[in-house]
Amino acid sequence: MAAPDELFCWEGDWGLPSVSTDCLVVLAYAQFAGAPLKVRKICNPWRSPSGSLPAFRTSQKETLSRTSDIIIHLRKQKFNADYDLSAKEGADSLAFISLMDEKLKPALIYTFWIEPKNYVDVTRRWFAEHMPFPLNFFLPGRMQSQQLEKLRLLQGDERLEAGEELEKELYRDATECLNLLSQRLGSQKFFFGDSPSSLDAYVFGHLAPILRCKLPNGKLQQHLKSLDNLANFCSNILLLYFPRDGRDGCSQKSPPQPDAGDFDNVPSKRRKQLLSAVVALGAMLGYALLTGIVSIQHVQQEALEEPPDLEDMGSHEEEGDG
């Protein structure tokens, strides 16, 4: 029997199965289509097949990273959440997904990665606390730079800079998009009736983090919460398809206990965490020395002054059916 497809995605928080929009879209679509995935929730992208998250490894060992490519693959495997849509509904679905990419996604990037207070107090803090040492020292900043470049690409402005004028423009477009989505959903349970489709997965993935995360600057969040049908839509999907995650909550204060099937015992887990951290540290120091970022003497001094805390080392990995 062929091995199941595997999805590597960011861990969850805030009562969500993942903190990542792209991961949420794939997780929701797989649930809607009944795709039997092996889900690996991690906080170290270097442990994924592609070095980034989400990453999807097929039973033929092919690796996919783009959300659209993953959904196309699942459809080819006969897991199609859009099977019952008419031609017009299919066209409407593509139009609304394109609208979100153009009008909503830039505002989400700005909200979590560019807006100073949200980034410092929520985004950078979350990833720094959940990533293993030493990745937590430099990866959040690198991810922010990547998101800024993505925002510039979406906006078609290479010199785009954060500021009040940009924020107003992005939030105006996002508010317009949210209003159109709310009008299209109306009083229905899902966008095309009683069964969820790919559009429902995309909407859920984009809106749920805004709805559930506690943001210092919550302008977009306040508008979303005022649209009762969209807020209820996200809550219903969490209740129906992610009941173990769909509860109010903030960052975990203590690491969850390992499931019986994840590790044979806790000492084994500690060895794996230590090995992972040593490998990551070696890679980081090698890169730094190779590029001349630091000298050997400087690295050794910092290593002696701030030894890693073994209790906080590594990331928790959850496995389950998607």
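Axes here are lines fitted to C-alpha atoms, for helices over the stretch in contact, and angles between N-to-C directions run from 0 to 180 degrees. The model is predicted, so that local features need pLDDT of at least 70 and side-chain atom pairs count only at pLDDT 80 or more, while totals for chains, interfaces and linings use all residues. Residues are numbered from 1 along each chain as its sequence is written, and side-chain values use heavy atoms, with hydrogens and water left out.

Eleven helices and five strands make up the secondary structure of the protein, where helices (H or I, at least four residues) and strands (E, at least two) are DSSP runs numbered from the N terminus. Of its 322 residues, 47% count as buried (under 20% relative accessible area, with a 1.4 Å probe and protein chains only).

Helix 3 (residues 87–114) packs with helix 5 (residues 135–155) at an angle of about 150°, their axes being 10 Å apart. That angle makes helix 3 roughly antiparallel to helix 5, a term used for angles over 145 degrees. The residues that make the contact (heavy atoms within 4.5 Å) are tabulated here.

| Helix | Residues in the contact |
|---|---|
| Helix 3 | D101, K105, P106, I109, Y110, W113 and I114 |
| Helix 5 | P140, M143, Q144, Q147, L148, K150, L151, L154 and Q155 |

W10 lies in strand 1 (residues 6–10), and W10 counts as buried because its relative accessibility is 6%. The C-alpha atoms of W10 and S20, which are ten residues apart along the chain, are separated by 6.3 Å.

Terms used
Parallel < 35°, antiparallel > 145°, perpendicular 65-115°, else oblique. Buried < 20%, exposed > 50% of the residue type's maximum accessible area, 1.4 Å probe, protein only.
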